[in-house]
Amino acid sequence: MATEDACKVHSLRGKVALITGASSGIGAGTCVLFAKLGALLALNGRDVENLNKVAQQCKDCGAAEPLLVPGELTDEDTVKTTVDKTIAHFGRLDVLVNSAGILAMGSIETTDLAQYDKIMNVNVRSVFHLTHLCVPHLIKTKGCIVNVSSVNGQRSFPNVLAYCVSKSAIDQFTRCIALELAPKQVRANSVCPGVIITEVHKRAGLDEEQYAKFLAKSKETHALGRPGEVDEVAQAIAFLASDAASFITGVNLPIDGGRHAMCPR
Ligand SMILES: NC(=O)c1ccc[n+]([C@@H]2O[C@H](COP(=O)([O-])OP(=O)(O)OC[C@H]3O[C@@H](n4cnc5c(N)ncnc54)[C@H](OP(=O)(O)O)[C@@H]3O)[C@@H](O)[C@H]2O)c1
């Protein structure tokens, strides 16, 4: 048996994948890996310039021209258009990767309702809506869903309250839809990254100096002694989306260098 046949992650070849957060970080890295594996891609993000750069990187890996479906995912019409255009273009959907998300600092004393609503709308409501619209298509193909959650969904950290709540919701959402869709042979899992080097923390307000300190501290807060790289999450997403994970559903998989297992002592 050829190595490519033995390693079932290669089952992604020819599969149609809709990936959100495709313009940056984990979503962008997932696009490039899926492109290398021969998947056909529909990319959502808001920054069209970045989305074009990621599409070019995918083509440089030999992938077919990705479909760009840019737009704001809290906008209900955009979500509907994203799905409609993907199906109109490819005629099917095999994989949905929900990677778009935002982080913000704030505690029960400092998080106002506007910040709470913003985080929940992007990180949970839009994921619910997009998944809801994709599920009929995924049932047809016996496809699968991979949500990008966080160690913050499994463990509790002060001063990122709304974010932690949003990621716990995604973990529960993943398990519930996994049970609902299992009879239809659609799998749903989430990856739960620890600190991964992307734009998300700086976008949440850390300046360069604070970010450097945060990454340095990640050497202590992650058992493996370092923050993670985008590709380490993308590899896990590809695994869960592929036939290599054909008997795995309802899992919230830590990709966090052991952080979820750590306790202060
Ligand atoms: N990096 C980490 O340490 C880490 C750890 C655990 C979990 N995560 C999760 O990983 C996922 C990806 O984050 P990342 O680290 O890759 O961050 P990132 O580099 O900031 O990328 C975030 C992506 O989400 C998109 N996005 C944000 N809000 C959106 C909206 N309202 N509508 C449409 N797209 C939107 C962004 O699009 P534009 O740039 O085009 O606006 C971008 O493509 C998030 O769900 C995050 O919570 C990250």
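**Around the ligand**

Biologist: Which residues come nearest to the ligand?

Modeller: Gly21, Gly25, Gly101, Thr198 and Val200 come nearest, out of 28 residues around the ligand; a residue counts if its C-beta atom, placed from the backbone, lies within 6 Å. Helix H2 (25-36) and helix H8 (200-203) are the elements giving two or more residues to that shell. Helices here are DSSP runs of H or I with at least four residues, strands are E runs of at least two, and both are numbered from the N terminus.

Biologist: Which element gives the most to the shell?

Modeller: H2, with 3 residues.

Biologist: Is this a predicted model or something else, and how are residues numbered?

Modeller: It's a predicted model, where local features need pLDDT of at least 70, side-chain atom pairs count only at pLDDT 80 or more, and totals for chains, interfaces and linings use all residues. Residues are numbered from 1 along each chain as its sequence is written.

Biologist: New topic: why is strand E6 largely enclosed?

Modeller: Because 7 of the 7 residues in E6 (residues 187-193) are buried, meaning 20 or more other C-beta atoms, placed from the backbone, lie within 10 Å of a residue's own. Arg187, Asn189, Val191 and Pro193 cover one side, with Ala188, Ser190 and Cys192 on the other.

Biologist: What stands opposite valine 191?

Modeller: Valine 148. Serine 190, in turn, stands opposite asparagine 252 in E7.

Note on methods. A residue is buried if 20 or more other C-beta atoms lie within 10 Å of its own, exposed if 12 or fewer, and partly exposed in between; C-beta atoms are placed from the backbone. Two strands pair if DSSP finds at least two bridges between them.
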